[in-house]
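Thanks for coming. Please have a look at it first.

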Amino acid sequence: MTSSARPPLNRRLAGFGTTIFAEMSALAVRTGAINLGQGFPDTDGPEAVREAAVRALRDGRGNQYPPGPGVPELRAAIAAHQERHYGLEYDPDTEVLVTAGATEAIAASLLALVEPGDEVVALEPYYDSYAACVAMAGGTRVPVTLRPHEGAFRLDLDELRDAVTDRTRLLLINTPHNPTGTVLTRAELAAVAELAVERDLLVVTDEVYEHLVFDGAEHVPLASFPGMRERTVTISSAGKTYSFTGWKVGWITAAPALVAAVRSAKQYLTYVSAGPFQYAVAEALALPESYLTGLREDLRAKRDLLAAGLAEVGFGVFRPAGTYFVTTDIRPLGLDDGFAFCRALPERAGVVAVPNAVFYDHREAGAPFVRFAFCKRTPVLEEAVRRLKAA
């Protein structure tokens, strides 16, 4: 057998190694550190939703391949959710598609809608799968950087407009925004919508943290703005809202032609997934508003606990208006290398965080920022703060 000098990895994925989440979670296991790096809760979601999954298993619903677009009950529940919360009407049969989490929804959308050479404008920093999915689609990533301003990260609308060229095909928008916790305002979203209509751009919006907003912040779907419904693929999932991240149930809502395009790519990725869990998520989406109110209040208290503790340690703290992450600045501690800081922190303090630079094309712009997750039990957060103070 002869060996080849050709590298085994497709050049489009060159530079995409093991994700930072896998690296830092492994470091947490090895050191016994508290893992505030990866964004998953350490408690399960509502008991009634878990029981709905068990009931579906026992009743034989979803144990074999579910329908390609998703089970009808879940598609109807997604459509009802969009109308109830946002006044957006979607046909469950032609305008809703169930996916293997939001990550597959993003991948399928970009593979379906981006041609090789197309430019995709994304808000930087961004969830790490965005870069890989744009690369797999053969597109060119064009980052627009959210920059610190008055205690938050803000979008420069002039910079966004300047980033759009004749080669731009699509805007990839995330709000509430991971990792910064920024929630785009109505005025900002209206400007994004105006730009998309003016330049005839498609838009993919990642809205998985749609219900995790605090302090009067309001999540407004971009699809609700004039001229946007027919050009927007809206993505969300059950993982963040209902604390069942392992079920991997996500979805898109969009006009029929866009759903058909994304389905064409999705069917060759997972084909279908999470059969019994789809029935359970349908029931979760029908939970009363009191569940979402309680979830927000619980997370707000945990945000405040962790943010206050980090500030006492000496971090510069950006108080998030949404998501369940706190971004911090390590420069007040006399440091400026987030990678080195995060790799040393488990041994030094018994806590794991994630360097925000992994979410940037412009690594230097994210170098001093570090992200902590607060979707953990209160005693865990209290212990993490105690360890950081003692380090």
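I will start with Cys-342, which counts as buried at 1% relative accessibility. Buried here means under 20% relative accessible area, exposed means over 50%, and partly exposed is in between, with a 1.4 Å probe and protein chains only. Before going on, this is a predicted model: local features need pLDDT of at least 70, side-chain atom pairs count only at pLDDT 80 or more, and totals for chains, interfaces and linings use all residues. Residues are numbered from 1 along each chain as its sequence is written, and side-chain values use heavy atoms, with hydrogens and water left out.

Back to the cysteines. A disulfide is taken as a pair of cysteine sulfur atoms within 2.5 Å, and by that rule the count is zero. For Cys-342, the nearest cysteine sulfur belongs to Cys-375 and is 16 Å away. That is too far for a bond. Cys-375 is buried as well, at 5%.

Next, the packing. A nonpolar core is a set of buried Ala, Val, Leu, Ile, Met, Phe, Trp, Tyr and Cys residues joined through side-chain atoms within 4.5 Å. The largest one has 127 residues, and those touching the most other members are Leu-74, Leu-170, Leu-171, Leu-222, Leu-306 and Phe-372. Helix 4, residues 101-113, gives the most to this core, with seven residues. Helices (H or I, at least four residues) and strands (E, at least two) are DSSP runs, numbered from the N terminus.

What does Phe-372 touch? Contact means heavy atoms within 4.5 Å. Not counting residues up to four places away in sequence, the partners of Phe-372 include Leu-36, Leu-306, Phe-315, Tyr-324, Val-351 and Leu-388.

Helix 10, residues 275-284, is mostly covered, with eight of its 10 residues buried. Among them are Pro-276, Tyr-279 and Val-281. The cover includes helix 2 (47-58), helix 3 (72-86), strand 2 (96-99), helix 8 (239-242) and strand 10 (250-253).

Thr-234 sits in strand 9, residues 232-237, and is buried at 4% relative accessible area. Leaving aside neighbours within four places in sequence, Thr-234 contacts Gln-82, Tyr-90, Thr-205, Glu-207, Ala-223, Trp-251, Ile-252 and Thr-253.

Now the salt bridges. The rule is a side-chain nitrogen of Lys or Arg within 4 Å of a carboxyl oxygen of Asp or Glu, and the count comes to 29. I will take three of them.

Arg-229 pairs with Glu-95, with the closest N and O atoms 2.7 Å apart. This pair links distant parts of the chain, 134 residues apart: Arg-229 is in the loop between strand 8 (202-206) and strand 9, and Glu-95 is in the loop between helix 3 and strand 2. Arg-229 is partly exposed at 24%, whereas Glu-95 is buried at 9%.

Arg-147 and Glu-159 meet at 3.3 Å, N to O. Arg-147 is in strand 5 (residues 147-149) and Glu-159 in helix 6 (residues 157-163), so the pair ties together parts 12 residues apart in sequence. Arg-147 is partly exposed at 42%, and Glu-159 is partly exposed at 23%.

Arg-231 lies in the loop between strand 8 and strand 9 and Asp-200 in the loop between helix 7 (186-198) and strand 8, so the pair ties together parts 31 residues apart in sequence. Here Arg-231 is buried at 13%, while Asp-200 is exposed at 59%.

Finally, shared partners join Asp-215, Glu-297, Arg-300, Arg-303, Asp-304 and Arg-319 into one salt-bridge network.
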